[in-house]
Amino acid sequence: MRPSYLGKIQLRWCDACHTPVLGEQCACGEKTHAVSITPPGDARPAFASDVALVNSIFIDYFGVPLIPEGHLAVLNKVPDPDRMEEVVLGGTVVAAIRYMPDEGVWEPLPRPSACRYMKPTKRYVVVDDGAVASIREGGSSLLAPGLVEIEDSVRTGDEVFLLSRSGECIGVGRARVDAAEARTMERGAVVRTRKIGDADAVPGEASWDDAVRANTRILDAYEGAALDFIRRVRESHAHLPANVSYSGGKDSLVTLILVLKAIGKVPALYADTGLEFPETEENVATVAERYGVEVVRAETGEAFWKNFEVEGPPAVNARWCCRVAKLEPVSRVIDERWGESLSFIGQRKYESLNRKNSPRVWRNRIVGNQVSAAPIQHWTAMHVWLYLFKEHAPYNVLYERGLDRIGCFMCPSSDRALLVRIKAAYPDLWQGWTERLDAWGAAHGMPADWAAEDLWRKRESGGDEDDSYN
């Protein structure tokens, strides 16, 4: 899949503080350097569960973990048929992990700089000194005459590290043959190397509190600009009652905090779809208590299930769910409560092309009685997270459990890698959804694996209703 350019990639790194920085100068005074990540570049902190996932993949594949305790790791989601994330350590991409849904497994895609943090005990080859220069400098494949040693577990197609006799990592690549066959070869390619413009990592321990301090001036500037925007919009729409659209996610939490600072107490407008995670419901209650705000609920009721019976489950290219479960209930509540309202919404341009092209103040074509405004339109996910850390804000615990987006538990826009985790963590919720899918699929002649293989997520034909509600 081609990368999407949704805005300037702002991720940089301070080698002195060992933290990500979102500007050219760290608060410590040192100049930062750009981190070369794949667009759109909406990188985020790796929480403990993310670190555990990456390390489990590397332990299974290479025998050792990648991310040491006490080091900050950043993940950057890359456009992929399912899910692929770059892993940033020490100011550079040291690896990626990719989920392969057909096999149901994760695959690591290491870079040579990963060896600043680990030394493989599995899936490596040792290269003769005479072949080192051509591999490291020219990106040549490893040919049979240059092979000194190949670890027993290497199979055709495996990712492998190429090491010199002294143990230095000189490259990475994919094995062309099994270990047993490689040992019998006199000619031919053993490993096809990947040509990577690899930057060197600078290891060093740090905490996310350190990262907040490194970005203090930048966060203050972004906060100030957002507060000014909120006040200007409020002044120009003074005739409308104001609220904040709150979803239980990180972006809407930052927006709520900013609005409360800028104009004082306003209600939180929550679209209660009936399909939310229990932790999201808990977060809504926690946030309401913490900030002393009223929660106005827009309840879907049975509308989703009635539409389900007619149209079948929502799909990536047929997301009728946002209209039925969020937009229409929100419009009704606004009409009943205020008639018309101004809603501050946690929309960011780095989320999608539609949101990049969206004006910062607009009216949704379905929710015509709502003027929407996006204070954090130009923030990246890293701005959002560092601001939440700075504010010690009560963000949704689901982020710490491996979910990078908060919404309906069975959202068709979720990749299969995420759905696997949800199915394992919420068997009762998923069982109820599966029963609905099975019944609808049987009544409409769907294949036997339609539900089990998540084929309901995509339709052969369908138009995407791209009006979503953050």
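Here are the questions and answers on this predicted model.

Visitor: What are the class counts for the linings of the largest cavity and the second largest cavity?
Guide: The second largest cavity has a volume of about 50 Å³, and among its lining residues are Phe-277, Arg-405, Cys-408, Cys-411 and Ile-422. Leu-418 is one of the residues that line the largest cavity, and Leu-418 is also listed in the lining of the second largest cavity. By class, the largest cavity is lined by 6 nonpolar, 1 polar and 5 charged residues, while the second largest cavity has 8 nonpolar, 2 polar and 1 charged.

Visitor: Turning to open space, which element provides the largest share of the lining of the second largest pocket?
Guide: That pocket has a volume of about 230 Å³. Of the 15 residues lining it, the closest to its centre are Pro-112, Arg-136, Ile-170, Gly-171 and Ile-196. By class the lining has 6 nonpolar, 4 polar and 5 charged residues. Two elements give two or more residues each, helix 2 (129–136) and strand 13 (169–175), and the largest share, 4 residues, comes from strand 13.

Visitor: Now the backbone. Where is the cis peptide bond that ends at Pro-40, and what is its omega?
Guide: Most peptide bonds are trans. Pro-40 sits in the loop between strand 3 (33–34) and strand 4 (44–45). The bond from Pro-39 to Pro-40 is cis, with omega near 10°.

Visitor: Are Arg-123 and Asp-454 buried or exposed, and what are their relative accessible areas?
Guide: Both are worth a look, as most residues other than glycine have a negative phi. Arg-123, in the loop between strand 8 (105–110) and strand 9 (124–127), has a positive phi near 55°. Asp-454, in the segment after helix 13 (427–443), has a positive phi of about 60°. Buried means under 20%, so Arg-123 is buried at 15% and Asp-454 is buried at 4%.

Visitor: Which residues does Tyr-124 contact beyond its neighbours within four places in sequence?
Guide: Tyr-124 lies in strand 9 and counts as buried, at 16% relative accessibility. Its C-alpha atom is 8.5 Å from that of Glu-149, a residue 25 places away along the chain. Leaving those sequence neighbours aside, the contacts of Tyr-124 are Glu-149, Ile-150, Glu-151, Val-154, Phe-161 and Leu-163.

Visitor: Last one: how do helix 5 and helix 6 cross, and what classes of residue make their contact?
Guide: The axes of helix 5 (residues 216–236) and helix 6 (residues 250–263) come within 9 Å and cross at roughly 65°, in a right-handed crossing. Among the residues making the contact are Glu-223, Leu-227 and Arg-234 of helix 5 and Leu-258, Lys-261 and Ile-263 of helix 6. By class, the contact has 7 nonpolar, no polar and 4 charged residues.

Definitions and conventions
Residues numbered from 1 in each chain as written. Predicted model: local features only at pLDDT ≥ 70, side-chain atom pairs only at ≥ 80, totals over all residues. Heavy atoms only, no water. 1 Å grid on protein atoms, 1.4 Å probe; cavity = no way out; pocket = protein on both sides within 12 Å on 5 of 7 lines; lining within 4 Å. Points joined across faces, edges and corners; volume = space filled by probe spheres on them. Nonpolar A, V, L, I, M, F, W, Y, C, P; charged D, E, K, R; others polar. Buried < 20%, exposed > 50% of the residue type's maximum accessible area, 1.4 Å probe, protein only. Contact = heavy atoms within 4.5 Å. Axes fitted to C-alpha atoms, helices over the stretch in contact; angles between N-to-C directions. Left-handed = near helix turned anticlockwise from the far one by under 90°.
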